[in-house]
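This report describes the nonpolar core and the helix packing of one protein model. The sequence and structure are shown below.

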Amino acid sequence: MEKYLNIIQNSFTGYFNYLVEEISNPGWTNYFYWLLLLSLIVWVLEIFIPWRKNQKVFRKGFWLDTFYVIFNFFLFSLIGYNAISNVAVELFNDFLALFGITNIVAIEVQDFPVWVQLLIMFVVADFIQWNVHRQLHKRSWLWEFHKIHHSVKEMGFAAQFRFHFVETIVYKTVQYIPLAMIGFGIQEFFVVHMFAVLVGHLNHANVGWSYGFLGYIFNNPKMHIWHHSKELPEAHPYGMNFGLSLSIWDYLFGTAYIPLEGRDIELGFEGDDDFPEGFKNQMLFPFKKNKQSLNNN
């Protein structure tokens, strides 16, 4: 027990020191300033080449989404996620040790060129995320958490990070074992992460890009806008276009849907008129709804 308490303590102090280091010492592998830079670049694109020209620069929900960016990218780890995840990893490793297993690496990729390692990690992680994203729509209890992301009524780059912290836990938990089975052992993972942030920013931005034939590989604003459509077609009652960075999964598995240009479609979900608008109430909403569902059953 003492070991795990030490992990928790070290996780809090370690992540706090990491944040201080990130902000006070800019560098090429600095998440804070890369996030700031990418956000500013995409926001400038929204301002100068907007797809929806009548949409305000400070659109509805802009400041709420800005806080979500800070919370989900940094603060959530600071207030507990980093400590919990470190303890979970240690517990998992201790469980393996009971059977004499020191690691679960099944595929050795350390000898591959770095770019190949990054590509493998990117594709594997994105495919897992695509599957998790589908479940967020299909499983009713998960959908209550995912509603927060779909409460966006006007799209903008920062809307990417309007999501409940439980989604982070679900994504990372499902990803952990498959990625742990691949022995990457590289420090450049931030390249994959920041590329995914850029693609996500663009997908939610007020820009009308489709990338031509590359749109069949990479998710894009003209495709992702339909994922946020309030009206769902009969063929896709749980939603469509679930890809995060890559669209190829939707084309391969029949969940792609772009019937026409969706610039001015209504966004949201059925019954969102009464959905809470503040951060605190949005965080509490799914717990209340799921509790009500349990009580009704």
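Contact here means heavy atoms within 4.5 Å. The model is a predicted one.

The largest nonpolar core has 21 residues, and the members that touch the most others are Leu35, Phe73, Phe74, Phe157, Phe161, Met194 and Val197. Two or more core residues come from each of helix H1 (2-24), helix H2 (31-48), helix H3 (62-97) and helix H7 (189-204). The highest contribution is that of H2, with five residues.

## Packing of H4 and H6

Helix H4 (residues 114-138) packs against helix H6 (residues 165-180) at an angle of about 140 degrees, and their axes are 10 Å apart. The two helices are therefore oblique to each other, and their crossing is right-handed.

On H4 the contact is made by Val124, Ala125, Ile128, Gln129, Val132, His133 and Leu136, and on H6 by Glu167, Val170, Tyr171, Val174, Gln175, Pro178 and Leu179. Of these residues, 10 are nonpolar, three polar and one charged.

## Packing of H3 and H6

The axes of H3 and H6 cross at roughly 35 degrees and come within 11 Å. This crossing is right-handed.

H3 contributes Phe71, Asn72, Phe76, Tyr81, Val89, Phe92 and Asn93 to the contact, while H6 contributes Phe165, Thr168, Ile169, Lys172, Tyr176 and Ile177. The contact residues comprise nine nonpolar, three polar and one charged.

Note on methods
Residues are numbered from 1 along each chain as its sequence is written. This is a predicted model: local features need pLDDT of at least 70, side-chain atom pairs count only at pLDDT 80 or more; totals for chains, interfaces and linings use all residues. Side-chain values use heavy atoms; hydrogens and water are left out. A nonpolar core is a set of buried Ala, Val, Leu, Ile, Met, Phe, Trp, Tyr and Cys residues joined through side-chain atoms within 4.5 Å. Buried means under 20% relative accessible area, exposed over 50%, partly exposed in between (1.4 Å probe, protein chains only). Helices (H or I, at least four residues) and strands (E, at least two) are DSSP runs, numbered from the N terminus. Axes are lines fitted to C-alpha atoms, for helices over the stretch in contact, and angles run from 0 to 180 degrees between N-to-C directions. Angles under 35 degrees count as roughly parallel, over 145 as roughly antiparallel, 65 to 115 as roughly perpendicular and the rest as oblique. A crossing is left-handed if the near helix is turned anticlockwise from the far one by less than a right angle, and right-handed if clockwise. Ala, Val, Leu, Ile, Met, Phe, Trp, Tyr, Cys and Pro count as nonpolar, Asp, Glu, Lys and Arg as charged, and the others, Gly among them, as polar.
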